[in-house]
Amino acid sequence: MQLDHTFTVPAGPDDAWKLFHDLGRVAPCMPGAVLDTLDGDSFTGRVKVKIGAVQMSYRGEGTVTRDEAARSMHLDLTGSETRGAGTASATVTATLAGDPDGTRVHVRTDLDITGRPAQFGRGIMTEVGDRLVRQFADRLEELLRAPGSAGPAPVMSPAEPEAVDLGAAALPVLLRKAAVPAAAVLFAVVLLRAVRRRSRG
């Protein structure tokens with residue numbers, strides 16, 4: 001599944017590109033994720049997501065490569081559920097370009113996921129991705145505007161990442177998907193009642 005997202009950060013391309021080199025500072029901006037280890041261009045981390053009352057935790061690893069001339073970074077990510085058989089892998093390419101409001105970031109994600117989240121279709125995954133990217137962009141903006149934000153940040157590993165609620169993000173799409181079946185069921189109930197009334201008459 002391929003997903004495309006674009007957002008803007010309030011910094012010039014040089015400053016934004018310098019920030020994207022520092023995974024120790026950027027990774028905590030991703031909702032539900034924590035960075036456990038960082039060794040050069042390789043890293044490990046955890047992600048926790050919640051859909052209603054169900055929580056899923058993933059542990060994974062990744063590598064990053066960069067194209068300095070194009071201001072583009074490429075991440076290869078793999079992970080698996082800590083309590084389940086689900087897996088996830090993704091290749092993520094982020095490309096930075098100048099914009100009147102700062103820097104425009106285009107993110108293309110090729111996602112392959114198995115297990116419980118695989119039941120969601122492209123529409124739900126796109127909606128979820130849109131909301132997560134908006135949260136990520138907001139946190140990046142806060143980081144860029146924070147006093148003394150320059151300089152590398154140490155890698156910190158909370159005992160557990162804070163779960164990001166995908167259920168709230170997916171709910172509008174789920175409701176839209178359920179609207180037609182629900183209408184069909186309602187129509188069938190009304191029709192059945194009408195037929196029963198006529199038969200009694």
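This report describes the fold, the nonpolar core, the cavity and several individual residues of one protein model.

## Basis of the description

The structure is a predicted model, in which local features need pLDDT of at least 70 and side-chain atom pairs count only at pLDDT 80 or more, while totals for chains, interfaces and linings use all residues. Residues are numbered from 1 along each chain as its sequence is written, and side-chain values use heavy atoms, with hydrogens and water left out.

## Overall fold

The protein contains four helices and eight strands. Helices (H or I, at least four residues) and strands (E, at least two) are DSSP runs, numbered from the N terminus. Along the sequence, these elements follow the pattern β-α-α-β-β-β-β-β-β-α-β-α.

Of the 201 residues in the protein, 32% are buried. Here buried means under 20% relative accessible area, exposed means over 50%, and partly exposed lies in between (1.4 Å probe, protein chains only). The accessible surface of the protein amounts to about 11900 Å², and carbon and sulfur atoms hold 57% of that surface. These areas come from the Shrake-Rupley method with a 1.4 Å probe; for residues, only the protein chains shown count as cover.

Contact is taken as heavy atoms within 4.5 Å. When contacts between residues at least 6 apart in sequence are considered, 59% of them join residues at least 24 apart.

## The nonpolar core

In soluble globular proteins, nonpolar side chains tend to be buried together. A nonpolar core is defined as a set of buried Ala, Val, Leu, Ile, Met, Phe, Trp, Tyr and Cys residues joined through side-chain atoms within 4.5 Å. The largest such core in this protein has 25 residues, and F7, F20, M73, V105 and L140 touch the most other members. Two or more residues each come from strand 1 (2-9), helix 1 (13-20), helix 2 (23-26), strand 5 (72-81), strand 6 (87-99), strand 7 (102-113) and helix 3 (122-145). Helix 3 contributes the most to this core, with five residues.

Beyond its neighbours within four places in sequence, V105 is in contact with H5, T6, F7, F20, A94, T95 and L96.

## The cavity

Rolling a probe the size of a water molecule over the atoms shows where empty space is left. On a 1 Å grid over the protein atoms alone, a cavity is a set of points where a 1.4 Å probe fits but cannot get out, and lining residues have an atom within 4 Å of a point. Grid points are joined across faces, edges and corners, and a volume is the space filled by probe spheres set on the points.

One cavity of 30 Å³ or more is found in a search of the whole structure. The largest cavity has a volume of about 1400 Å³. It is lined by 47 residues, of which M30, V47, L77, A90 and V92 are the closest to its centre. The lining comprises 34 nonpolar, 10 polar and three charged residues. In this grouping, Ala, Val, Leu, Ile, Met, Phe, Trp, Tyr, Cys and Pro count as nonpolar, Asp, Glu, Lys and Arg as charged, and the others, Gly among them, as polar.

V47 lies in strand 3 (residues 42-51). V47 counts as partly exposed because its relative accessible area is 33%.

## Individual residues

H5 is found in strand 1. H5 is classed as buried because its relative accessible area is 8%. Apart from residues up to four places away in sequence, H5 touches V105, H106, V107, T126, G129, D130 and V133.

H106 belongs to strand 7 and is partly exposed, with a relative accessible area of 29%. With neighbours within four places in sequence left aside, H106 is in contact with D4, H5, T6, T93, A94 and T95.

I113 is also found in strand 7; at 23% relative accessibility, I113 counts as partly exposed. M125 is placed in helix 3 and is buried, with a relative accessible area of 14%.

R71 lies in the loop between strand 4 (54-67) and strand 5. Its phi is near 50 degrees, a positive value in a residue other than glycine. R71 counts as partly exposed, at 25% relative accessibility.

The table gives C-alpha to C-alpha distances for several pairs.

| Pair | Separation in sequence | C-alpha distance |
|---|---|---|
| M125 and M1 | 124 residues | 9.1 Å |
| H106 and F7 | 99 residues | 6.7 Å |
| I113 and A90 | 23 residues | 8.4 Å |
| V47 and M30 | 17 residues | 9.4 Å |

Definitions and conventions. On a 1 Å grid over the protein atoms alone, a cavity is a set of points where a 1.4 Å probe fits but cannot get out, and a pocket is an open set with protein on both sides within 12 Å along at least five of seven lines; lining residues have an atom within 4 Å of a point.
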